[in-house]
Every structure is written in structure tokens, then in C-alpha cells.
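Dear colleague,

I am handing over the structure below, and after it you will find an account of what turned up. Please read the account with the structure open beside you.

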Amino acid sequence: MSLTEEILSQIPGNPFNGLRKADELWTGLKNNSLPLPNTVKQESQRLETVDYDVVICGGTLGILIGTTLVMKGWRVAVLERGKLRGREQEWNISRKELEVLIDLNLLSEVELKTAIATEYNPARLSFPNNIEIWVKDVLNIGVDPVYLLETLKNRFLELGGILLENTAYESAIIHPDGVEVNVTQIHSPRLAGEGLGERLIILKTRLLIDAMGHFSPLVRQARQGQKPDAVCLVVGTCATGYSNNETGDIFASFTPLENQCQYFWEAFPARDGRTTYLFTYLDADPQRFSLEYLFEDYFKLLPDYQQIELHQLTFKRALFGFFPCYKNSPLKMPWNRVFAIGDSSGNQSPLSFGGFGAMVRHLKRLTNGIDQALTTDQLSQNALSLLQPYQPSLSVTWLFQRSMSVGVQQTINPEQINQLLATVFQEMEQLGEPILKPFLQDVVQFLALTQTLSKTAINHPGLIFKIIPQVGLISLIDWTIHYWNLGIYTGLYPFAKTLKPAFQKLPPSSQYYYDRWLEAWQYGSGQDYD
């Protein structure tokens, strides 16, 4: 029995079985052997009538956008395969980002305070043989998903939203005036001895929103079986027994390159213990190791990382997953009247592996945009694609991700990635918090990036030249294009903002396009952070 199986089998719920299932999915992704769904079809016949303005498949993140749309008066139904309930493990985020939940009246001040399960300061960045960097108010808030989703669910229902739990998406037929969504609802037995029953339901809606995640059948059909350009593997636990639970790590490394991967760590105080993660960036090559293998290394390295013996810990939860990333992101659905949000959309950088933060960051933009699209009937594929625009602020991060990963057959100095990251972060720290903190919150801005790269290149030219063979010339050229686009977007946004009074005099449909371009330049240059 492996160390992973021994420990995970003792945790309630037997997460080891879930780990094995996740590894089966990971193997299928690596071998490109996962079945390709074909659940979306199109017909020329009109529906004539619809029951809803919006149907959202996937309730965990879908309930956020569903509640904001119900507040604007739209008829909304949210589907969830099981019960809509948050997980026990907190979602880490920065307090500033949570303010949108109050701005949109999703939560009151009291409810937001209740939703915050943990708060700590400061957080650390740490690399071997280098000084530690400490920052405040970055990913230092732990939100209780159980309370948050229950509160949003109640608000959604009070406002007239329709929640269909234990209801699974099956297929969709797109008509010129709406979408016919076929779902299966599983209901509990009414009589003793009666088995679970299934009921087929047809929902007719003007707009279908996919919030089912990376492996949504709609996403897989839209991407046509494309292998991801990169993957982030993550394993971890929440446990009690740690002596120090007052600070956190948002990015830590203490080992050289191993198994053609650089290992990174995170640690956060949790309400019922301390959460520690081990994660790494890699490609989907069939030779890559399993999640269970990574978990073995996690348990072997955890005592050194946290200066504690495993037998001193009581493990409460096991956490694991893998997150595919595509350069073709955010995803533009190839159909009319279908739109993706959250993990389905890929609207987060390849450095981050949580859809909650990206969803909260874009929540106001998406709410206003979908509201305008419904009001002006801009529901074509082209019109909806403007709601998930190209963002150079995301695309430039691909080079950073590439510099933190190594190919299966590639050979580099085992300390090279640690040396690069330690150097870059120290230069950012010297430039000040306005440079460092946005980057740690997944926001890249042109001036900050230029200052950081210039300072690093001048002070450490040898290190920069070592990175070029690692990332490759094609990746570097591609990055250069996104970098200059980042600069162009930075200039376009303030200029376009001055034209707003003129565009407000145009028809609503023209305003829709102007607002989408303005948001693309704002978010695409990271100026939403300000």
C-alpha cells in the first residue's frame, strides 16, 4: 500500500477512490482517448416561444451570474447535477476583489463578513538560498463556499429564479430564436423499495450559459478534442497539528527540478486546520506522472516544507485536481445563443488554477454585458464572442508559465527556474507594491511588466539568455506580439473612454459593441485593477 493510499483511506469519504477516478481522466487527456461529445445541434425551425431568458448549466459558479441576472428582471433557470452546495475547503481571494459582491447587491456587509471564514497576514514568497518576500492583503481571505452558495441560492430563489438540482445537461438544439435544452432530472423514490427515477425535461431559453467547467460536454465539443497547451497538477490536504498557523505562502519552492517538473507550494490557514498545496506546471505528454505519484512526493516533502512529522498531523481533507489551459482562450463558442463562463470559458491565466477568482473579477463586466445582449438581442456567435475577448494581459502570461515548466526530453540546470523566479520577484519587490501586488493577483500591466523586465535584463543579462533556449524562439516571438498588444490596449482604453458621451447617443445595439470594445481594452490591459 502506498503512503498516499494509507493516509487518504483514513479520511472520511475515502478520497482515494476519487483520486483514482481523477487519474483515469488525466490518463485519458494525456492519451487523447476521451470520447468527443456531440450534444449540440442546430435546426432552422423557430421555437416561437421560450420559457426562460437564460438557462445556466452548472450551479457552483453559475449561481453568481444567475443571481445578478435575476436582479435585472430576467427569467433565469440554474441547473446543478447534484445538490448546489459549496465544498468544505475555503476559496482564497483578496478582500478588494470581494467588494464586487456588495457592489452588485449579492451580499450585504454583514453577509460578506460571515462568508469570510479566515483572514491572515502576511503571505510569503520563498525560494532556495534567497531572501523571503512578504506581502500583505494578497489571497489572504478564505471564503466559506458552503455559506456563500447557500446565501446566493436563497437570494436567487427569493427573486424568482428557478433552481433545478439533481438535474444534468444532456443536449441542446439551437434554433434561430432560442435554444432547446434537454436535461435529465433524478428524483428520489416516493415509495418504500422504489428506485431512483429519471425524468426528461425540455427547457426553452433565449440564451444557454455553460458553467460546467473544463470538461463540460459543450466545451469539449467546441474544442474538438484539442489537447491542452499546458496543465497544472495540484494535490494537497487540510490538517491539524501544525504549530504555526498565522501566516501563509502564496508561492514557495525549496527543491530543484525533479521528474522534469518544478514543484511549487502554497499554504493557508483554514478554519479547521491548515491547508497546504503542491502544484506544478507541465504539458499533457503521455509520459507525465499521475496525480497519485505527485501525492506521494507531497507526503514525502511535506515534513521538510512545514517542519513537522506526518504522524503529528491529523488529516481532515484531501484536495487534488488538474487544470487544462489552452492558448485559444477565452473560449469563443462556435454557436449562436451559447456562452461560456467560469472554468468553461478559460478566462483565467495559465498561472492560476481557480475559476472563482476569475469569475469574481469579471462578474460585473459579464453581468452588464449579458444584460445588454439580452436587451438588444445581440445573441449571435459574433456578438457573444465580444463578451470573452482576446486579452493580452492574459496571453503574455503564457511565456511566464512556459518558463516555469520543462519538456519531457528537455535538459536545463535543475536550479534555473528557482533562480529566475527569485531574481524576478526580488526586482519586483524593489520596484514596490504597485508592481508586485497586481501580478500576484493575476493582473499584468504594461508599465509594470516593462519596468520589471528592463530591470531584470539590465541587472541579470546572463539569466535572461539562459531562459531563451528553454522557452523557445517561437514562444518568445509570440509573446512579443502579445506584449506590444498589451501596450496598445493600455493606450486605447483611456482614449476610447473619452468617446463615451458620443456613443451614448447611438442606438442601444451600437452601444453594446462600443461597451464590449471598451471592456476588452480595459481588462486586456489590466486597468480594471485600478
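Asn32 counts as partly exposed, at 48% relative accessibility, where buried means under 20% relative accessible area, exposed over 50%, and partly exposed in between (1.4 Å probe, protein chains only). Please note that this is a predicted model, in which local features need pLDDT of at least 70 and side-chain atom pairs count only at pLDDT 80 or more, while totals for chains, interfaces and linings use all residues. Residues are numbered from 1 along each chain as its sequence is written, and side-chain values use heavy atoms, with hydrogens and water left out.

Asn32 has a phi near 55°, a positive value in a residue other than glycine, and sits in the loop between α2 and β1 (40-42); helices (H or I, at least four residues) and strands (E, at least two) are DSSP runs, numbered from the N terminus. Asn14 also has a positive phi, near 45°, and is found in the loop between α1 (3-8) and α2 (15-30), where it is partly exposed with a relative accessible area of 29%. Most residues other than glycine have a negative phi, and most peptide bonds are trans.

The bond from Asn121 to Pro122 is cis, with omega near -10°, and Pro122 lies in the loop between β5 (116-119) and β6 (123-126). The bond from Ser329 to Pro330 is cis with omega near -5°, and Pro330 is placed in the loop between β17 and β18 (338-340).

As for the sheet, three strands form an open one in the order β4-β8-β5, with antiparallel pairing; two strands pair if DSSP finds at least two bridges between them. Because β4 (91-93) and β5 stand at the edges, each with a single partner strand, one side of each is left without a neighbour in the sheet. Neighbouring strands of this sheet are turned by 30° against each other on average, direction ignored, the axes being lines fitted to C-alpha atoms (for helices over the stretch in contact) and angles running from 0 to 180 degrees between N-to-C directions. Between β4 and β8 (residues 141-143) the antiparallel pairing runs over three bridges, and Trp91 stands opposite Val143 in β8.

On a 1 Å grid over the protein atoms alone, a cavity is a set of points where a 1.4 Å probe fits but cannot get out, and a pocket is an open set with protein on both sides within 12 Å along at least five of seven lines, lining residues having an atom within 4 Å of a point. Grid points are joined across faces, edges and corners, and a volume is the space filled by probe spheres set on the points.

The largest cavity contains about 200 Å³ of space and is lined by 20 residues, of which Cys325, Tyr326, Ser329, Gly346 and Gln348 lie nearest its centre. The largest share of this lining, three residues, comes from β17.

The second largest pocket holds about 660 Å³ and has a lining of 25 residues, with Arg361, Lys364, Gln522, Tyr523 and Asp528 nearest its centre.

With kind regards
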